[in-house]
Amino acid sequence: MTAFPFKVVAFDLDGTLADTAPDIGASLNHALAALGRPELAPETVRALIGEGARTLLRKALERSGAADADLVERAYPIYLDHYAAHICVGTRTYPGVEAAMDGLAARNARLAICTNKPERLTLQLLDVLGWSTRFSAIVGADTLPYRKPDPRTLAEAVARAGGGRAAYVGDSITDVETARAAGLPSIVVSFGFRDRPAVELGADAMIESFDMLVPTLERL
């Protein structure tokens with residue numbers, strides 16, 4: 001059997017491993033309502049996720065008026081508190097994701113997460129999903145002084161997972177740009193959250209389901 005080509009496989013979280021949009025959207029709309037702004041439809045929220053909570057709030061506020069930094073900072077703790085209290089109400093893992101992670105572990109690949117979700121919320125969600133022991137490294141939006149698409153976030157996640165040849169799996173242009181800047185191959189899922197079709201993201205490969213992940217990594 002040919003040796004598996006990657007020592008580390010890193011993942012984005014929201015829209016890649018789990019459909020978190022229902023709970024993110026509910027918390028976003030809670031914050032918008034607290035500021036007297038109209039709520040956003042679920043499909044609109046999905047297109048805004050991916051660059052962190054503050055950017056999500058700014059983009060959402062811009063849909064209905066001013067979105068200066070002070071207003072975003074007012075909304076931020078409202079959003080975070082609501083999300084922490086309702087982090088896995090509507091969230092669902094994508095089909096086949098646990099089997100894919102098992103397959104990678106069986107090939108001695110270590111798993112990492114590189115996400116723009118705050119670290120404490122990432123850890124909280126992983127705990128609720130029963131995934132706390134699956135990942136050798138977790139880098140969130142506030143783990144380091146910088147966040148995606150800064151390639152140092154992904155490089156740090158790979159290093160904390162033990163280093164070696166690595167690949168990155170995500171769902172958005174932010175993920176592809178992060179991997180490219182870090183010099184790593186990228187795989188995008190055809191589902192998830194994005195502002196354009198997956199085929200337009202410029203990734204090295206695309207998968208339509210998680211049963212395609214291991215074979216795709218073996219071909220890269």
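Predicted model: local features only at pLDDT ≥ 70, side-chain atom pairs only at ≥ 80, totals over all residues.
Residues are numbered from 1 along each chain as its sequence is written, and side-chain values use heavy atoms, with hydrogens and water left out. Local features need pLDDT of at least 70 and side-chain atom pairs count only at pLDDT 80 or more, while totals for chains, interfaces and linings use all residues.

Helices (H or I, at least four residues) and strands (E, at least two) are DSSP runs, numbered from the N terminus. Six strands form an open sheet with parallel pairing, in the order β5-β4-β1-β6-β7-β8; two strands pair if DSSP finds at least two bridges between them. The edges are taken by β5 (137-139) and β8 (205-207), each of which has a single partner strand, so one side of each is left without a neighbour in the sheet. On average, neighbouring strands of this sheet are turned by 25° against each other, direction ignored; the axes behind this angle are lines fitted to C-alpha atoms, for helices over the stretch in contact, and angles run from 0 to 180 degrees between N-to-C directions. Within the sheet, β6 (residues 166-170) and β7 (residues 186-189) run parallel and are joined by three bridges. Tyr168 has Ser186 in β7 as its bridge partner.

Helix α8 (residues 173-182) has buried residues Ile173, Thr174, Asp175, Val176, Thr178 and Ala179, where buried means under 20% relative accessible area, exposed over 50% and partly exposed in between (1.4 Å probe, protein chains only). The cover over these residues includes α7 (151-160), β6 and β7, with contact meaning heavy atoms within 4.5 Å. Gly183 follows α8 and has a positive phi, near 75°.

Phe191 is located in the loop between β7 and β8. Phe191 counts as buried because its relative accessible area is 19%. Not counting residues up to four places away in sequence, Phe191 touches Gly15, Thr16, Tyr94, Asp171, Glu208, Ser209 and Phe210.

A nonpolar core is a set of buried Ala, Val, Leu, Ile, Met, Phe, Trp, Tyr and Cys residues joined through side-chain atoms within 4.5 Å. The largest such core has 57 residues, and those with the most contacts inside it are Val9, Phe11, Tyr79, Leu104, Phe135, Phe210 and Leu213. Helix α4 (residues 69-85) gives the most to this core, with seven residues. A second, separate core has 15 residues, including Val8, Leu144, Ala166 and Leu184.
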